[in-house]
Amino acid sequence: MHKAFSFIILTFNEEQHLPRLLSSIKALNAPIFILDSGSTDHTLEIAESYGATVKAHPFENHPKQWDYAIKTFEVTTPWTIGLDADQIVTPELFELLKNFNEDSYKDTDGIYFNRKNFFKGKWIKYGGYYPKYLLKMFRTGVGFSDTNENMDHRFVVPGKTAIWKKGHILEENLKENEISFWIAKHNRYSDLVAQEEIERMNALRQQTTQPKFFGDPYQRMAFLKRMWWNMPRFVRPFLYFTYRMIFQLGIFDGKTGIIFHFLQGFWFRIIVDIKIEEQLKKSRK
């Protein structure tokens, strides 16, 4: 039977998450490829129990890991879907995929899925977090990983895209229920983002996606990022947090949601600015 698409998933110690994801897509009977970066728990056994093809590769950052996965796995289906291990395909999205008609997308290179993000069991509905469209499905051999980013991973396609507003991927990293895990993870991420921004200042990195405020979701994101890079450091985290809280109604996400917006929208951003400042001072010496 002709298969329309395959799944690629990245893993590292995902025994908590992987069974949720794989059971949500199992009945689609699509080929599954998993690129692991040195799991020491039961991740690989779980992957193999679902019939996945597994390879290993040392992790440097998400864009480079995805780049390696796309180029290494021998995907023979016309379409590829890239998912994170802490995501789940909802029954509505499952139905869209089950009934996917390739003929309806002949002139399309990529498809955006709608994501719901959860923090400590709470759906983050406001603060610019919903709806959130992520390009997750792309033509095999056409879509690629944007390695001009150090941390924010995205797939890029050269041609037309479609947006599926119905059906969702649910994203919840259960490890982040421990705040110490969240802080350690984002401390590592802040190193990557600070390094990336310094490289952009020195014109060592370009934007892959054309910045357009009224373009597709990723073009709009590229526009807002370019705006962010031009804003004064240490002022921008305050402005961004205020914008998320007031204008994007983050305050309606309740106590857990406000904690999330503070950590992700303010704390993380100011740590990045401090690290940029430190690196610039070192380079002047």
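These legends accompany close-up views of one predicted model.

**View 1. The whole protein chain.** The secondary structure comes to eight helices and 11 strands. The radius of gyration is 19 Å, close to the 19 Å that the globule rule gives for 285 residues, so the protein chain is as compact as a globular protein of that length. Along the principal axes, the C-alpha atoms fill a box of roughly 60 × 40 × 40 Å. Of the 285 residues, 48% count as buried. Take the contacts between residues at least 6 apart in sequence: 74% of them join residues at least 24 apart.

**View 2. The nonpolar cores.** In soluble globular proteins, nonpolar side chains tend to be buried together. The largest nonpolar core here has 47 residues. Phe5, Phe7, Leu97 and Met137 touch the most other members. A second, separate core has nine residues, including Met151, Ala194, Ile276 and Leu280.

**View 3. Surroundings of Met137.** Residues up to four places away in sequence are not counted here. Among the residues that Met137 touches are Phe5, Trp79, Ile81, Leu97, Phe100, Ile111, Phe113 and Trp164. Met137 also touches Thr80, Asp109 and Gly110.

**View 4. The largest cavity.** The structure holds one cavity of 30 Å³ or more. About 60 Å³ of space lies in the largest cavity. Its lining consists of Asp146, Glu149, Arg154, Gln207, Thr208, Thr209, Tyr218, Ala222 and Lys225. These lining residues divide into two nonpolar, three polar and four charged.

**View 5. A cis peptide bond at Pro131.** Most peptide bonds are trans. The bond from Tyr130 to Pro131 is cis, with omega near -5°. Pro131 lies in the loop between strand E7 (122-123) and strand E8 (132-139).

**View 6. Positive phi at Phe234 and Leu249****.** Most residues other than glycine have a negative phi. Phi of Phe234 is near 75°. Phe234 sits in the loop between H6 and helix H7 (236-247). Its relative accessibility is 30%, so Phe234 counts as partly exposed. Leu249 has a positive phi of about 60°. The loop between H7 and helix H8 (254-284) holds Leu249. Leu249 is partly exposed because its relative accessible area is 36%.

**View 7. Ala203 in a loop between helices****.** Ala203 is found between helix H5 (179-201) and helix H6 (217-229). Is Ala203 buried or exposed? Ala203 is exposed, because its relative accessible area of 54% is over the 50% cut-off. Ala203 and Pro232 are 29 residues apart in sequence. Their C-alpha atoms are 18 Å apart in space.

Methods:
Residues numbered from 1 in each chain as written. Predicted model: local features only at pLDDT ≥ 70, side-chain atom pairs only at ≥ 80, totals over all residues. Heavy atoms only, no water. 1 Å grid on protein atoms, 1.4 Å probe; cavity = no way out; pocket = protein on both sides within 12 Å on 5 of 7 lines; lining within 4 Å. Points joined across faces, edges and corners; volume = space filled by probe spheres on them. Nonpolar A, V, L, I, M, F, W, Y, C, P; charged D, E, K, R; others polar. Core = buried A, V, L, I, M, F, W, Y, C linked by side-chain atoms within 4.5 Å. Buried < 20%, exposed > 50% of the residue type's maximum accessible area, 1.4 Å probe, protein only. Contact = heavy atoms within 4.5 Å. Helix = DSSP H or I, 4+ residues; strand = E, 2+ residues; numbered from the N terminus. Rg over C-alpha atoms; globule rule 2.2 N^0.38 Å.
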